[in-house]
Amino acid sequence: MVEKDEFIWIWMGAPALKDESKIIDYPYHNDYKDWPHRHGFYHIKASYLLMVDNLMDLTHLGYVHRTTIGGNPQIHVDAKMETTLTDQGLKYVRWMLDSNPPPTYLKAVPFKGKVDRWQEFDFVSPSNILQWSGAVDVGRGAYEGNRDGGFSLRIFHGLTPETKDSCFYFFSTCNGYRQDDPQATEDLFREIETAFKEDKEMCEGQQLRLVELGEDTLVDIVSDRARVQLRRIIQRQLEAEQGGAGTKPEASKRKVTEAVI
């Protein structure tokens, strides 16, 4: 068991295979000046894979999170997106240029009008996601690298499987816009907490339908490309751990997921 960056990590596999160097670095939890934050936790009656799917496909924001972090649904569908593989998983960056800021952003920062908005999600397999999202007024050069002076937040998402159909969801919200205002950090947490409760309800409903109907009839569309890639990454890890073919998928999945947060 290791304590690092305000998390407790436990390795439940073979002692000889433990490797502390693979524990995620999250220095923002040690930077109270620039990233004041709060932690949260939910028990989810859905597979950790569904929760990861949810976080890696943000086209749902405009429908599920209208009153908080959503925005216009079509803006999310049309977002400029780039996905790249990393040593530990994959990362994607989405840009919604010249768009209307969503309600959570407007409550936090007095924007002049439309904004250039970004979402960066770094998936660390098998079940952790590091998020940096924000927006600045159009014309400030956000797309070219100038992201100061607007709204900015970081979220750590950690999913720990409980069973094949349930998990524990650990998260933290970091305030990167009004750092010297404790109420801003609290307000941000409440806004994100509201959105996550909506995700919880949606994913738990999906889990019930998948248990009832199975996954054979599901169809992947273009916005699923990050989700499809991450599922392949996890599957390759499972196969490598079990030494290739000949192992039942559920037994393989169970063993690898015991070693997350």
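This is a predicted model: local features need pLDDT of at least 70, side-chain atom pairs count only at pLDDT 80 or more; totals for chains, interfaces and linings use all residues.
Residues are numbered from 1 along each chain as its sequence is written, and side-chain values use heavy atoms, with hydrogens and water left out.

Let's begin with the rings. A pair of aromatic rings is described by how far apart the centres are and by the angle of the planes. Here, rings of Phe, Tyr and Trp (its six-membered ring) pair if their centres lie within 6.5 Å; planes under 30 degrees apart count as stacked, over 60 as edge-to-face, and the rest as tilted. That rule gives 19 aromatic pairs. Take Tyr-28 and Trp-35: their centres are 5.8 Å apart with 75° between the planes, which makes the pair edge-to-face. How open are these two to the outside? Buried means under 20% relative accessible area, exposed means over 50%, and partly exposed is in between (1.4 Å probe, protein chains only). Tyr-28 has a relative accessible area of 24%, so it is partly exposed, while Trp-35, with 11%, is buried. Both belong to one aromatic cluster, made of Phe-7, Trp-9, Tyr-26, Tyr-28, Trp-35 and Phe-156.

Rings can also have a charge over them. That label applies if NZ of Lys or CZ of Arg is within 6 Å of the ring centre and within 35 degrees of the ring normal. You can find Arg-147 with its charged end over the ring of Trp-118, 4.9 Å from the ring's centre. Likewise, the charged end of Arg-154 sits over the ring of Trp-132, and here the distance to the centre is 4.5 Å.

Now for the backbone. Most residues other than glycine have a negative phi, and most peptide bonds are trans. Pro-126 lies in the loop between strand 6 (115-124) and strand 7 (128-137); helices (H or I, at least four residues) and strands (E, at least two) are DSSP runs, numbered from the N terminus. Asp-5 is not a glycine, yet its phi is positive, near 50°. Glu-6 has a positive phi too, about 65°.

What about the cysteines? A disulfide is a pair of cysteine sulfur atoms within 2.5 Å, and this structure holds 0 of them. For Cys-167 the nearest cysteine sulfur is that of Cys-203, 8.4 Å away, and Cys-167 is in no disulfide. Cys-203 is in no disulfide either. Cys-167 has 0% relative accessibility, so it counts as buried, and Cys-203 counts as buried at 0% too.

Last, the empty spaces. Rolling a probe the size of a water molecule over the atoms shows where empty space is left. On a 1 Å grid over the protein atoms alone, a cavity is a set of points where a 1.4 Å probe fits but cannot get out, and lining residues have an atom within 4 Å of a point. Grid points are joined across faces, edges and corners, and a volume is the space filled by probe spheres set on the points. The structure holds 2 cavities of 30 Å³ or more.

The largest cavity has a volume of about 150 Å³. It is lined by 18 residues, and those closest to its centre are Leu-58, Leu-61, Ile-69, Phe-121 and Gln-131. Helix 1 (48-56), strand 6, strand 7, strand 8 (151-163) and helix 5 (182-213) each supply at least two residues of that lining.

The second largest cavity has a volume of about 40 Å³. Its lining includes Gly-70, Gly-71, Asn-72, His-76 and Arg-117. Helix 3 (73-77) and strand 5 (89-99) each give at least two residues to this lining.

How values were computed. On a 1 Å grid over the protein atoms alone, a cavity is a set of points where a 1.4 Å probe fits but cannot get out, and a pocket is an open set with protein on both sides within 12 Å along at least five of seven lines; lining residues have an atom within 4 Å of a point.
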